[in-house]
Structures are given as structure tokens and as C-alpha cells.
Amino acid sequence: MPAPHHHPATAMLGLGHDPADRDGSLKPPLFPTSTFAFPSAAAGKRAFEIAVGIAEPEDGEEMAMIYSRLSNPGLEVLEERVAYLDGMPGALSFSSGMAAISTTFLAHLRPGDLLLYSAPVYGGTDHLITEMLGELGIHVGELRPHMAGQDLEELLAASPGALKMVYVETPANPTNALFDLEALASFAHAREAILVVDNTFLGPTWQRPVEQGADLVLYSATKFLGGHSDLIAGMVSGGEALTPIAAMRTFLGTMCDPWTAWLLTRSLETLDVRMHRQAENTGRLAEALAGHPALVDLSYLGALEPGSPDADVFERQCLGPGSMLSLWFSDEESAFRFLDALEVVKLAVSLGSTESLAQHPATMTHAGVDPEAKERLRITGGLVRISVGIEHFEDLRDDVLKALAAV
Ligand SMILES: Cc1ncc(COP(=O)(O)O)c(C=O)c1O
């Protein structure tokens, strides 16, 4: 077992699993079981008393396994590792990123509450917030990058409901827009609201929102945490704010299944290596693309204008620029010519995987976003989002330059 001071790259190889407890198995086993046998009726009663909150566990008392909708030994290993990566007391795994987000909302928001959210966000999250929360009587208001002091006060004054949650996706999908977590944590906490951060784009390698005051950190684990485009999962890490989410997960049944959790645990072993290689490829690719005549604009967090508000947030908040690029062409036709000419980079939604992926947010991941909001948030017909993978850099560079020449 790794010691508490070990770096994440080391901890991901063994944390939460002691081979001595599992017949010497070096790796955590998979537990494909729906239910767990109790050693006695009294033990079953005790397990349920603790699970439903009738009794508190004694010091050192192990939580017995009951049923895989509540937990499973494999989920516990995964959750311990993600909590460690995020520097949080605990974590919960889910069947998708959307399951993690919707369960978090349902656990913390009630009719009459106000949710302030950063814009843009992933298209599915946008739909959940702008189309579905209203039907439950939950008010929502939109945060723009670098809103501070008076702007935030005015937004709050203009929004109905009592502020309960500030929800921030930073960097934002699909434009890489940055939001100042420290400022938003102070704003939320001064009003007894919680700050929830979707850290999917930078992952725990390049951003640790707990250090800026986040109460909950969540992921589409389908992306960098999984990293191989072969699973769908979500994670939420946190402290006190995690408790109602655990209860809600049990009753909604939005937990991760044992096989996916096992695969995800395996993926975490290479997270650090993958994210470093992806970031290195991205930096080199951004350099090769800078100033290309086919591009109207390029957003890469490693090349922000010195002294700009974005550069200031990046320096205080991010540990590296990650591997997401936003490319703006003059229009949809040019963007499509570029996408259709790519060969090494695959034309597919999703991100954070070993292979590079490119997609057209305005007509794909963000197709359902209100057209006026799309224009205002720069999700234009000319925008292409690229997630850079671990290919050999020269193949990647040649492929992207060849596609740019086809524009
Ligand atoms: C930033 C972000 N959050 C959440 C999600 C939703 O995750 P999932 O597709 O795993 O449900 C996505 C999916 O693309 C995303 O990009």
C-alpha cells in the first residue's frame, strides 16, 4: 500500500488494496456480484442500521457490504483513489458523468433554490440546467468568465430564489473559457452555498479545485480518467457535501457497475503518464498551428496573452495547460472541410482518450444549445474542438497540417 505522502502516480498503483487481504492478488479483484452474504442475521441487521442511518459505526468498525447498488469492494478502491487524486475525504462513482451531475443536483437542490452556473458548459449539462431544472422549480442564472464583485452582486439581485449552488465547468467545454474558482468559492461560501466544479477538461493532474475552495469536484470519467474511449462513467469527490449524494445515488441507482469500476481503476494507473504525453503533444501541436492562415483563432491554455485576465486565472489555478484545443475557422464549410480531411485524428465526440478526437460542437455536442447562447458563447459554425491523444507527434502534426491545407 502506498504511504500518504506518495505522489498520485505512485498511489494509483496500489492505494486501497492490500494483496494480503485477497489471497496475494497483486491487483484488486473484480466482484461481479449483486448481493453479499451476511455471516448472521444480526450482522445483516447491523449493516442495514448503519446504511440507513439508524446507527453510527463504532470506531474502527468495518462497513459490511450489502448490495452492489449501495457499494461493492471494487467501487471502494476506485473511490479511494479518486478521492486521493482530488485531495478530498471521499468520492463516489457513477454510471456516467451525467449521472454524477444529475444526482448531485437532485441531492442538493430543492424548488425555490437558485443555481448559478458557468457558461458555456457541456451540451448535456446545459440541457439539464436550462431545460430540466426549471420544471422542478429550481431557478438558474448564468455566470460569465471574470465576473466579480459588483457583477456577481447584480446577477444575484436579478435572479429569483435562494442561492444554494455555484456550478462551474472550467476550462469550459468547448471553448476553453476559464473561471476564477477562488473568487467563486468566496462568493458561494459567503452565502452558505456550495461550489461544485466539473474538472473533466484538466483532470486531477492539471487542476485541483479543492485548493481553490471547491466543495465537490466532479468528472465525466468517460474522458481522461477512463482514457481509452471504452467506458462510460462519472465521479464526484468531496467532504460533507458528499453525504446527501451517497444517499441519492442509492435511491436513484446511478452508481457505477463493478466491471466499469474495475476498468477505470486500471486506467488510473496510467493517468499521469497519459496526461503528460497528451499535454506535451498539445503544446507542440499548438506551436505548429499558431498563426496558420486557415485559422481565425486558436485557444490553447499554454499560450494565453501575458497579463490577460485568463492568464492570471491560469497561473493561480491550473497546474498545466492540458490537451484540449479550440480552433475557429471562418465558417461551418471550412470547419467541415478540415474535419473531413483528418485521418489520424478521428472524427468523433468525447475527449481525453489515447487517440486524438475532433468534433464540431455547434452541430454535435452542443447541437441542442439555444442558438442565441451559442453565438454569444462563441460556439460558432467555424469552431472545431480537438482532444489531443498520445500518438507520435509527427504523425499528428502532419495529419492536422494536411487537413488545414484542405480548408
Ligand atoms: C465537461 C463534461 N462534463 C460532463 C460530461 C458528461 O459526461 P458523460 O458523457 O460521461 O455522461 C461531458 C461529456 O462530454 C463533458 O464533456
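Which of the 14 residues around the ligand come nearest? Ser96, Gly97, Tyr122, Ser220 and Thr222 do. A residue counts as near a molecule or strand if its C-beta atom, placed from the backbone, lies within 6 Å of it. The model is predicted: local features need pLDDT of at least 70, side-chain atom pairs count only at pLDDT 80 or more, and totals for chains, interfaces and linings use all residues. Residue numbers start from 1 along each chain as its sequence is written.

The shell around the ligand divides into 3 nonpolar, 9 polar and 2 charged residues. In this classification Ala, Val, Leu, Ile, Met, Phe, Trp, Tyr, Cys and Pro are nonpolar, Asp, Glu, Lys and Arg are charged, and the others, Gly among them, are polar. Helices α4 (97-108) and α5 each supply at least two residues of this shell. Helices (H or I, at least four residues) and strands (E, at least two) are DSSP runs, numbered from the N terminus.

The chain has 15 helices and 12 strands. Its radius of gyration is 22 Å, close to the 22 Å that the globule rule gives for 407 residues, so the chain is as compact as a globular protein of that length. The radius is taken over C-alpha atoms, and the rule is 2.2 Å times the number of residues to the power 0.38. Along the principal axes, the C-alpha atoms fill a box of roughly 75 × 55 × 35 Å.

The domain assignment gives domain 1 (18-268) and domain 2 (271-405). Such bounds come from an automatic or database assignment. The domain centres, taken over C-alpha atoms, are 27 Å apart. Domain 1 puts 31 residues into the contact, and domain 2 puts in 36. Contact requires C-beta atoms, placed from the backbone, to lie within 7 Å. On the domain 1 side, α5 (123-132), α7 (181-189), α8 (203-206) and α10 (258-268) each supply at least two residues. That side has 13 nonpolar, 14 polar and 4 charged residues.

An open sheet of 7 strands runs in the order β1-β7-β6-β5-β4-β2-β3, with mixed pairing. Two strands pair if DSSP finds at least two bridges between them. β1 (90-94) and β3 (139-143) stand at the edges with a single partner strand each, so one side of each is left without a neighbour in the sheet. The twist averages 20° from one strand to the next. β1 runs antiparallel to β7 (residues 234-238), joined by 5 bridges. Phe94 stands opposite Gly234 in β7.

A further open sheet has 5 strands in the order β8-β9-β12-β11-β10, again with mixed pairing. Its edge strands, β8 (297-299) and β10 (346-347), each pair on one side only. β11 (residues 357-359) and β12 (residues 383-387) pair in the antiparallel sense over 3 bridges. Here Gln359 stands opposite Arg385 in β12. Helix α13 (residues 332-341) lies across β10, β11 and β12, at about 30° to β12. Axes are lines fitted to C-alpha atoms, for helices over the stretch in contact, and angles run from 0 to 180 degrees between N-to-C directions.

Most residues other than glycine have a negative phi, and most peptide bonds are trans. A cis bond joins Thr170 and Pro171, with omega about -5°. Pro171 lies in the loop between β4 (162-169) and α7. The bond from Asn173 to Pro174 is also cis, with omega near 15°. Pro174 is placed in the loop between β4 and α7. His146, not a glycine, has a positive phi of about 65°. His146 sits in the loop between β3 and α6 (149-158).

Notes: Contact = placed C-beta atoms within 7 Å.
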